[in-house]
Amino acid sequence: MLALLLPALGAGPSAATAAEPSADRRAVHGLKGEYWTQSASGAFDFDTLKATAFDPALDFDDLEPRLRERTGQADDVSVRWTGRLTPEKSGAHTFHITGDNGFRLWIGGDLVIDHWVDDWDREQTSDPVDLKAGQAYDIKVEYFEHYGGSNLHLRWTPPGDGAVKTAVPQSAFTLPDGFDYDGATGVRVTASGRTLRLDFPQRLAAPDPARFRDHVRAVIGGAEWPLGTVRRDPRDASRLLVRLQEPVVGQGGTADVRYDGEGGLAAADGRPVGAFWTAGDNGSTHQLTTRWAKDVGPRNAHPEYPRPQLRREKWRNLNGTWQFAAARKGEAPPVGAGRRLGERILVPYPVESRLSGIERHEERMWYKRHFTVPADWKVRPDGSGKRLRLHFDAVDWRATVYVNGQRVAAHKGGYDRFTADVTDALRPGHRQELVVGVHDPTDKPDGENPPVGKQRLDPEGIWYTPSSGIWQTVWMEPVAAAHTTDVRTTPDIRREHVTVTARGVPDGVPVTAVAYDGKREVGRATGRGGNAFEVPVPDPRLWSPDDPHLYRLKVTVGAGRAADRVESYFGMREIGVETVDGQRRMVLNGAPVFSMATLDQGFWPDGLHTAPTDEALAYDLKAHKRMGFNSVRKHIKVEPDRWFYWADRLGLLVWQDMPSMRSDRTPDAAARAQYEREMKRMIRQHDSHPSVIMWVTFNEGWGQYDQARIADYAKGLDPTRLVNNMSGHNCCGAVDGGNGDISDAHGYPSPQLPEPDGRRALVSGEYGGLGLAVPGHAWPVRHSYVGVRKERFTDEYLAKLKEVGALACRGGTGAVYTQISDVEGELNGLLTYDRKVLKADAGRLKRAHEALIRDAGRPCAPG
Ligand SMILES: [Ca+2]
Ligand SMILES: [Ca+2]
Ligand SMILES: [Ca+2]
């Protein structure tokens, strides 16, 4: 029914509301801008006046479009803004300007900032200027743009304790005498994100909606927005309401509105309203949500078995609703029946996420719940039965765990599983109390500088909202006293066996491993304790992206009824670097392979670090396959085991980054030691996945130190995989450790390759970054490498892929397109942040990727 009603709202001019004289003109807030060209490049003068226009305030991130529109050129332009400034408070006001390029400011005729200098983005601050509340002062700002980018921001710090520096608001400005303006003065996207409100200084005649709409453009959050019906506000004749066809996401940004004066808009007295170009706020509170969010609830919060490579029959998931409270440093743990916590959180969604139900940042917090141990688990502290192990698959960053008031675990590291044997803390016949304390400093200036990846307390551009606290599954299981904590499997395709190590098994205890292809047993062997032994896999069916074949592995520790029985899986594959046709190349199972990946950051609009569901977790990987990628680079984040399980099953080659520390700080000794501990744990936890082919130990110099030693350390921990010591060693002050198996350069938008060193294989570890905002599915733009039009997106993508192909002929053996999905205000995904829109033609990409992967394995044609 709604669809039928909507056109009626925008029906043509109404005769019922007669035009009234515009006697009640409102005061117009804003400034008069004169746009001039200069007499010569570098003259920085006011030579020829090209246009006079209304500007609501001086808070321009990008002046280029306005300069071009108003003067015909975007360089060698000067602007003079004049008007009146009326402060709300009396006292000393300090003014601040940053700009690209020069500027100066007069208040009440006095020159208070003079920076007529050809530089950029160097803030200038005035001496305090004494102003009286309610009194209007003349204000004049002059500005010149030389070349390149251009921006200007006028801010002030009003008097009073606790006053903060803010943009001088539009409400403080009024137009100078003699400058008449009849266009929109106020612009706002309303809370629903569905309506654009335009306020005018006079009453309007009812507009002709279709005609007006054809002559007005709105760029909201950096994206051209599709406009729906237009009507005059029935309650305010000086206001237009424009329906937005897609909802605007409420994450800041501005609405920029232009009208060319040809759309028939007129004041109530019939005088036409002239062209205008103005801007205002995004007041939307609408948020992006994935299709999976509706499936999430206390009984459906990642219920799947969380450790696919070490399965036991009995287990219990402890995700769901927990008690929650913010915590203070040094606070005693809230143990005991009298200490209920005031809030509820849905585990395992990070506290900042909407799915958690809390949706705010906390640096310190308490989690609490109770659990019971099933009687048939036969858990007994006296040695006659099983032990109970409690698993936290990831808690960012420092966690302390109490069971019935007894401290059972303390762990630092935000991306790895930790486990406690809690048997001795259990109370017989009672429900058990579980309390978890968390401290997560993220990138706090005086914090511990842990590995954080892209998390920032003050997110902007390529840095995103942090995830704190429990963010992966919490669960428990009964185990035999002698049991394995981790089954490591290392395939050897030449000697046709898999090496099995049952970590954690006490010395001398027998360990039997049997490998199956489907139901058919292919080999078995027995070892002892935690020592490696070989299980034959004759004539193996090799694992590859084209045929991700997995073998099952059953492992028995000990014998008889007390034995520990687990099931795992492995893939038979080999990765290396060899010389092929004179070039160092990545080689999979003895044949050259071109590793074509996306940059995959694993952020979600509703769950942040935690995918809403397991289906969502698999979705991005399936999207890779659908588009013909054979690889994925998991960028400075470590996913749950189930993500690797999906990569193993679907057939993707994983480049796994170590999450970096802060990019703007050299880590101290403690932070370095912690980085190495967390890297070791990452490698050990994921060193049996056939999908993982590469460890990336640093990225673009972020938190870098001892590059060569760290790469060697990773290689020593896992000699069967490749090590990339510095992805993007050509970028941003990064230092190439010179070692490892891979040499990696970044380029935007075109891919680049490092110079060959005759030893390492060359990759383009990041390229692309084609930006496209899809209205209704995007945050306002905060960062974009290159803007691309929607209808050109696939062509532009394929043009860059062609360059990847050309580099493959010069020795390129892998490439990583930035990126699989938009993340917050970084809109360069193939998918939107909510995963609802694929920007490219999947079929064309698939064909092109398959051709590249096929041809890159062959010698290149000369030329
Ligand atoms: Ca400039
Ligand atoms: Ca320019
Ligand atoms: Ca965090």
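How do helix 8 and helix 9 lie to each other, roughly parallel or roughly antiparallel? I began my notebook with this pair, and I keep in mind throughout that the model is predicted, that local features need pLDDT of at least 70, that side-chain atom pairs count only at pLDDT 80 or more, and that totals for chains, interfaces and linings use all residues. Residues are numbered from 1 along each chain as its sequence is written, while chains are lettered from A and ligands numbered from 1 in the order in which they are written.

**Entry 1: helices 8 and 9**

I looked up helix 8 (residues 793–809) and helix 9 (residues 842–855), and found that they pack at an angle of about 0° with their axes 11 Å apart. The two are therefore roughly parallel to each other, a term that stands for angles under 35 degrees, with over 145 counting as roughly antiparallel, 65 to 115 as roughly perpendicular and the rest as oblique. For the elements themselves I rely on DSSP runs numbered from the N terminus, helices being H or I of at least four residues and strands E of at least two. The axes are lines fitted to C-alpha atoms, for helices over the stretch in contact, and the angles run from 0 to 180 degrees between N-to-C directions.

I then listed the contact, which helix 8 makes with T794, Y797, L798, L801, V804 and G805, and helix 9 with R844, L845, A848, L852 and D855; two residues are in contact if their C-beta atoms, placed from the backbone, lie within 7 Å. By class I noted seven nonpolar, two polar and two charged residues in this contact, where Ala, Val, Leu, Ile, Met, Phe, Trp, Tyr, Cys and Pro count as nonpolar, Asp, Glu, Lys and Arg as charged, and the others, Gly among them, as polar.

**Entry 2: two further helix pairs**

I next took helix 6 (residues 669–685) and helix 7 (residues 707–717), whose axes come within 10 Å and cross at roughly 30°. That angle makes helix 6 roughly parallel to helix 7.

**Entry 3: domains**

The domain assignment, which is automatic or taken from a database, gives domain 1 (31–174), domain 2 (182–282), domain 3 (311–479), domain 4 (486–492 + 494–570) and domain 5 (594–855). I looked at how domain 4 meets domain 5, and found their C-alpha centres 31 Å apart, with 11 residues of domain 4 in contact with 11 residues of domain 5. On the side of domain 4, strand 34 (residues 486–492) supplies the largest share, four residues, and that side as a whole has six nonpolar, three polar and two charged residues.

I traced an open sheet of four strands in the order 37-36-39-40, with antiparallel pairing, where two strands pair if DSSP finds at least two bridges between them. Its edge strands are strand 37 (520–528) and strand 40 (564–570), and neighbouring strands are turned by 20° against each other on average, direction ignored. Within it, strand 36 (residues 510–517) and strand 39 (residues 551–557) are joined by six bridges, and I found R552 to be the bridge partner of Y516.

Another open sheet has four strands in the order 22-33-26-30, also antiparallel. I noted four bridges between strand 26 (residues 387–392) and strand 30, with F392 partnered by F418.

**Entry 4: backbone details**

I found a cis peptide bond between D100 and N101, with omega about 20°, and another between D396 and W397, with omega about 5°. N101 is in the loop between strand 5 (91–100) and strand 6 (102–107), and W397 in the loop between strand 27 (395–396) and strand 28 (398–403).
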